[in-house]
Each structure stands twice: as C-alpha cells, then as structure tokens.
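Have the sequence and the structure open as you read.

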Amino acid sequence: MEYMAASLLLSAERLTYGVVWKQPKVFSKVAHRFGYPGKEPEFIFNLVRLFKLVQIYVFSTWYYGHYGTSLPTLSFSQFLIGTPILAFGQLLNFMVWYRIGINGVCYGCKFGRNIPWCTKFPYSHFNHPQYLGAILTVWGMFIFCWQECPYDWFAIPIIETALYVCSMYIWEAGN
C-alpha cells in the first residue's frame, strides 16, 4: 500500500473526531441521519469499530506487501522490547475505558453528557492516556511484526503517531 493512501485512510478517523470536537452540532445531525438521535457517543463507538477495521486493513496490506503470507518470527529482542510497549499501551486503553466509559471516551461531553473529571490512573500521570496507549500499541505491534528490518517498517507507525499527536494538540487544543 502506498503511504499516501495509508495516510488518507488512517486520517479519516482523526478527521471525524476533529469534527466531533470542533463541530458537535454538525456531527449530531449526521448521527441523527444514521439513526442515532441523541445517542452520539453510541454512534461514535460504532465508528470506532469501523475505524479499527480500517487500521487492520492498512496494517494487513502493509504486512502482506512486505512479507506475503508468512507469519512473523519473533526474536527474543523483539519480545523484550515489544511486549512491555504493547502491554502498557493496552493497559492505558483499558484503564481509560474503565475510568470514563463510553460517554467519556466517545466525546459525550460534547453532547451534554455529564462526565466527572477523573484524576485517578492513568489520568493522574498522563494528559492523553488513550492516545498514548494507542500510539504504544501501534509501535508494539509493528515491533512484533518487523522481520529483517525493511527500510520502511516504521512508516505506518510514524503516520499513526503523527495523526494521534494532531488529535491531541490540534483538535483538542484549548479544551
């Protein structure tokens, strides 16, 4: 997969969340048209599922283009580096969902849902634990799948990292 196409496919998620954050009334109308009147976080949750499928498609296409149908061979160093990165990323994501639930994760505050401010872990240590968890998960997965280091193994994780950083510092700036 060409990296421009990967960037466009992956950016659809971030752009959608940008609209949610900056133009919630516009997004609310879209949710209503898709059968989710007053249930915007639930609609977003379903979009999250769709966007995960897009991410899997991009990753699978990249992997197949480099390695075909062969399964990755995991070296001991890949295991030692990738496991804690992937595990900590997933821990952060799990804890975000545990602490603030669907209404917090899926922008319920933009649609009138009362989301109590959370100061417990992971929010006690990180400003954007969900984004950090996603970034770490992506890097951990790519470390697991990297074989004989093709020159561009890091391209997709860099694209994903850039998109998540944009979400953190552009879409949600000042809020």
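## Ground rules

Two residues are in contact when they have heavy atoms within 4.5 Å of each other. The model is predicted, so local features need pLDDT of at least 70 and side-chain atom pairs count only at pLDDT 80 or more, while totals for chains, interfaces and linings use all residues. Numbering runs from 1 along each chain as its sequence is written, and side-chain values use heavy atoms, with hydrogens and water left out.

A nonpolar core here is a set of buried Ala, Val, Leu, Ile, Met, Phe, Trp, Tyr and Cys residues joined through side-chain atoms within 4.5 Å. Buried means under 20% relative accessible area, exposed means over 50%, and partly exposed is in between (1.4 Å probe, protein chains only).

The largest core has 22 residues, and Y17, V20, F27, I44, Y107 and F111 touch the most other members. Helix α3 (40–67) is among the helices supplying at least two residues, and α3 gives the most, with five. Helices are DSSP runs of H or I, at least four residues, numbered from the N terminus.

Leaving out neighbours within four places in sequence, V20 is in contact with F27, I44, Y107, K110 and F111.

## A second core, and S7

A separate core of 15 residues includes W62, V138, W153 and L163. L163 also turns up beside S7, which touches I159 and L163 once residues up to four places away in sequence are set aside.

S7 sits in helix α1 (residues 3–22). Is S7 buried, exposed or partly exposed? S7 counts as partly exposed because its relative accessibility is 23%.
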